[in-house]
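Have the sequence handy as you read.

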Amino acid sequence: MAGPQLFPIYGRFVGDFAPHLVSALTSDTMPELAEKVAVHSVGRRLPARPGGRYEVLLDGKVIPDQVTLGELVAERRLPPLSWFDVRWRD
Amino acid sequence: MGETRKDAARGRLRTWSALGELGRTPTEYEIVTHAMNHTTTRPLPLEMGPETFGNRYLRRHRDEAAISVPDWNRFRDPDEMTYRKYNRVQDEAETFVDRVLDEYADRRRTDLGHAPEWLDGLEAMLTPQRFAVHGLQMSAAYLAQIAPASYIGNAAAFQTGDELRRVQRLAQRTLQLRLAHPERAFGKKDRERWERDRDWQGARRAIERIFVARDWDEAFVALNLVVKPAFDAVFLAGLSALARRHGDEVDALLLENLLADSQRSARWSRALARFAVDQRPDNRTALRIHLATWRPLGDELIAGGSTLLARFGSVGDDGAVARGALDALAAEAGVG
Amino acid sequence: MNRDEWYDLARDLDWTLSYVDEKQAFPDEWTGAGAIPSSAWKDWDEPFRASYREYVRVQREKDAGAYAVKEAFKRARGFDRLDPGHQAAAMLHMGAVAMVEQMAVHMEARFARFAPSPRWRNIAVYGMLDEIRHAQLNLSFSHDLLKQAPQFDWAVKAFHTNEWGILAVRHFLDDTLLGSSCVDSAVVTNLTLEHGFTNMQFVAFAAAAMDAGDVGFSNILSSIQTDEARHAQQGFPTAGILARFDRKRAQDLLDASFWRSLRLFHLLTGPAMDYYTPVHLRKQSFKEFMTEWIVHHHLRVLDDMGLAKPWYWDQFMLSLEHGHHALHLGMWFWRPTLWFNPCAGVSRVEREWLVEKYPGWEDSWGVLWDEIIRNVNAGNMGKAYPETLPALCNLCQLPLGTALDRHHLRPYTTTYGPRLYHFCSEPCQWIFGLDPERYAGHMNVVDRFLAGQIQPMNLEGALEWMGITHDVMGNDAFQYRWAKDYAR
């Protein structure tokens, strides 16, 4: 069985001025993916929110936490560098 | 030197890092000419898709040329021509020609004193040159854009300027002759002569053929080692001597002055061929193959041109002199 | 002799080729005549006349003056005492521009060989010589400064590297100066970039340099500009003929070249004007400058040619509010990837100026800078640096998000063949769509990174791949002293 694969995405934290290249893993759940995206913006150009949680959007729709990137890629035939949005869940 | 150890420790550069370890102070020429072509040192010349026209063209006609050396940036033009130097040199040359044309042709109207046979000669050999030289100008510009190093491209660019100079001086002479002899065909039939006179066709064919020589090394050999020196030997050197024999000091002096530009071209061309052969002896073979292709066209140019000169009173064998000049150039270039 | 009397004899020099095929001698990829009939070129008339004789005399005199001033100020050795902001602007300019002048030599040489009119071929010879002059003046000036500032080595070195900003400049200019037809180049370069943008840029920058006390730099910029005004006019007759015979091509070409020039200016000019130029010396904001000079000029050109405003005009006007602020933030944040030290340009005083000139600045940019400032003041320098590459546009090569601001940030994508392409804006996406084959094979820096061309795959690997050495690697020009304005 193949292990987790690297899968590059463009991740934009909503409110920051630019998306970033993020080397995610196919095994990443959405919270794990969100962290990998947020680290480039939150605490760098946007204030952190103590206790705050993230959510991930693809094509404007929130993706449930337990879905992995690999499942999304397979299900929607996502190419590398697909654009993901991450934002504060409120 | 690029930097001494002390300089390196202080992060100081004495000259461009691209010049590396020269072991001496760089010349002004090197400072403003070195490594100024960023497309020659990478597998993909242009920052475009690999299969775009520009990349394919440069790879095929420049980077995959038959002659190659480890580093074209080691070539030096013996005249060390910079923009500043070029204008200084040419401004002085132009001042001289101004005086010749203004004082003699304009003020003293020397054109009025020429014999009809010589006026026939000028109609046949001087004023139609404008077209030929425009062709030489175009091909020099081709070299300027396809050359594998800025040291070579700049020399070709200055050569292009020289040809523009020549065209304009010929245009001025055409005007002066037309004003002095309005009943003649100066400036009216020049294109026809260029396109139709049997004795011009050798030159026209050679000059047109260069327009489709795309590989930079072939274009260089064709233009600078064969066709231009052949043309200039006949229509600058030969015609200048003939003009003098006919008492036409104006054209003799003008053409002699223009010959200096031609000799400058020969100097760097000779040096470039020598450089290529010194850097890689196999280059001699490739250069000789190009010469073998183009020399017959040069000889035809010379034959037609010499016939023209002979028709208007040239004695001696202009053809042999011109061919000898080509032989000498090739020999001095190390590719004879 | 009156020049006008012999002028036609020197320029009407076409003849019918007999010994080679015309299409072989003038391949359309280099000539670019396309649908324009050959008879149309008989009317091509250069906007300025020049004789070679006048040229060499005038240029010799000009150089005597320019180099004399240069020599005088070289001896003064005052460059490193100039405002660090001005130093940054000068280093950015030399690295990004010196080689471009030499590339323009090639373009003009292309005109001199392949242009479809002998008159154009002739006039291009002066352009070719002019550009050699510009390259050599820039190099001479930069070389004099090497001992004081190694960053000026980038006047030669820059284009031999993979520095990301330089690659962006090259993506546009390798194409238009080295890989395009005469007709396309004349419209994109002479008419739009040179006559529209850089002509004004040189004037403004020369004035700014003078104000900053850099007489040497101001002197060469002004001197260069006197030539530019002349040879940039080559674009007009060509564009006029193009507009008459192939209106759509003319419109598309002008629209594409205007946007691409704008993006170049967002990168090179905007940050220099609004962040590097010392605030008390700023005469105009980038937006004011663009609106007064560039917009006005371009609209007049379009009007003269009977063409319409670019379809993206509203987006263009909006980008004047934001694009360069975005690129400045990006350049500063990714400062180790620069070959010079950028100013942050957001001290309290500077910030007041920015807010006055750009009413939306606090909401679009101030919020982001505030977090950076907090980190600097708290000593969290790790957070004041990036850990990855930004997403990049597959057309202009600049980061996604740098055409507008964070509130307008959204994806623009095109799937062509097997690849997904990203764009910073609708106009960049549109340009790609005009000629996908021209752009589809290219890999931007992110693509190259993912393909394993940058090793090791970290910041150090990237810096080495970009040719950034420790003596030039960018850091804040004022060593973050300005952040004290905000310390509690």
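## A pair in the sheet

Start with Tyr10(A): its bridge partner in β2(A) is Leu21(A). Strand β1 of chain A (residues 6–13) is joined to β2(A) by six bridges, and the two run antiparallel. Strands here are DSSP E runs of at least two residues, helices are H or I runs of at least four, and both are numbered from the N terminus. Two strands pair if DSSP finds at least two bridges between them.

This is a predicted model, where local features need pLDDT of at least 70 and side-chain atom pairs pLDDT 80 or more, while totals for chains, interfaces and linings use all residues. Residues count from 1 along each chain as written, chains are lettered from A and ligands numbered from 1 in written order, and side-chain values use heavy atoms, leaving out hydrogens and water.

## The whole sheet

Zooming out, chain A has an open sheet of five strands, ordered β2-β1-β5-β3-β4, with mixed pairing. β2 (20–25) and β4 (61–63) of chain A each have a single partner strand, so one side of each lacks a neighbour in the sheet.

## Where chains B and C meet

The contact (heavy atoms within 4.5 Å) takes in 82 residues of chain C and 84 residues of chain B.

There are six salt bridges between chain C and chain B, counted when a side-chain nitrogen of Lys or Arg is within 4 Å of a carboxyl oxygen of Asp or Glu. One salt bridge links the side chains of Glu47(B) and Arg170(C), at 3.7 Å, N to O.
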